Amino acid sequence: MDLDILGWNDFFVRGYNQYKDSGYHPGRVASQHKNIYRLLSEYGELTAKVSGKMNYEAVSISDFPAVGDWVVFSHANESEAVIHATLPRRTKFSRQVAGNMTEEQIISANIDTVFVVTALNKDFNLNRMERYLTLVWESGANPVVILNKADLCTDIEEKLSEVESITLGTPVFAISALNKNGLDKLNDYFTPGNTIALIGSSGVGKSTIVNSIIGKELLRVNDVRDDDKGRHTTSHRELFVLPQGGMIIDTPGMRELQLWGSRDSYKETYKDIEYYAKQCHFKDCHHDSEPKCAVKKAITNGKLDPRRLESYNKIQKELAYLSGRQEYLAQKEQLFKQYRTTLRKHNKKR
C-alpha cells in the first residue's frame, strides 16, 4: 500500500528518521480492539501489539497509539507486527475520559478535518455543538458542521441560521445521508492524503454518512427505532481509505463530552464574545454587573445571544479548573518518571 495515500508526508518523515537505522517500518493505526491494533502499511494490513518496553514506559492511556496515529513497527511474522513507538502527532482530537478522572483520551490523531455531526430532527443542541467546536479547534484540525437527517426536519432554514450564528464562518451543510442528498457538498474534503474524522452523539447518522460516502455498507446500520436512533452503535474507532481519495474515521457516539485542552481553548469558538470583551472598560471584566461592559451592551442591542454568554462562562470555568488539574498531574507524572529512571539505574548496578 502506498504510504502517501495514507497521509504520509514530510512531517512524519522527520519523526521517523530517528528509527530508520533500527530497521523499523512506518504504519498507520486503522483500528484498535483493547490491546490489538490493525495497521496499514507498505506491507499491507497487519495485526499488531505494542512492545513490552513501550507498554512499561507508558504513564497514561494517551501514551498508547490511537486510531490515525503513525507508528514504527517490526515484523513478528508475515501478518503480525510489534509496535515500538508512536511518531509525533500533527493534530489530535481529545476529550477528558468519562467519569471523574483527569486524563486525556485521544479519539483520533493526525486528522485534517473534523465533521461535527448532529441530527436536525431530534436532540438539536447548540450548547453541545459549541463544546464540540471547542475541542476541534484545540485539536489543530478544521471543523465542518454537518446537519444530518434533513429529510426528517421541517424547519431546516431556521436551524441553519441558528447554527451559522455560532459557527462564525465555519462551513455548515445540511444533508440527508440516508437519501444521499447533499453529500456532493462534501466532495472537496475527500482528497488524497486528507484525513477526516466524524464526531457526534449516538444516533446522528455518522455510520450512515460513512457508508454513503464509500458507496457500500461497510458499517451495518439497522432500522431506526421509534426514537429515531439506529440500533447500530459504533463500538470502536476505525479508519477507512476512501476510493475517491483521502481517509475517514468513524467514532462511537459520545454520551459524555468532557472538555480537554488549554485554559484558552474556548477563544476560537467564542471569538465574537472575545471581540466585544476587548472593548470592555475593565480588562478583567466578568461581563456581569461591571459598568461599561461591551459584552452586556451587545446583548442589550441584540448583537449577542445571552445563551451564548452563559455557555461561554461555563466553558471558561471548566477549562480553568481542568488547567489546574493538568498542571498538578503533570508534576506528579514527572516525579514518577524520575523515580522510575532512578530505580532502573539502581537495578542495573546490582
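Predicted model: local features only at pLDDT ≥ 70, side-chain atom pairs only at ≥ 80, totals over all residues.
**Ground rules.** Local features need pLDDT of at least 70, side-chain atom pairs count only at pLDDT 80 or more, and totals for chains, interfaces and linings use all residues. Residues are numbered from 1 along each chain as its sequence is written, and side-chain values use heavy atoms, with hydrogens and water left out.

**Rings.** I looked up the aromatic pairs and found 11. Rings of Phe, Tyr and Trp (its six-membered ring) pair if their centres lie within 6.5 Å; planes under 30 degrees apart are stacked, over 60 edge-to-face, the rest tilted. Trp8 and Phe12 are stacked, at 6.2 Å centre to centre and 20° between the planes. Phe11 and Phe12 pair edge-to-face, at 5.2 Å and 85°. I then followed the ring pairs: they link Trp8, Phe11, Phe12, Tyr16 and Trp70 into a cluster.

**Burial.** I checked accessibility next (buried is under 20% relative accessible area, exposed over 50%, partly exposed in between; 1.4 Å probe, protein chains only). Phe12 counts as buried because its relative accessibility is 2%. Phe11 has 29%, so it counts as partly exposed. Trp8 is buried.

**Charge over a ring.** I found the charged end of Lys159 over the ring of Phe124, 5.4 Å from its centre. The criterion is NZ of Lys or CZ of Arg within 6 Å of the ring centre and within 35 degrees of the ring normal.
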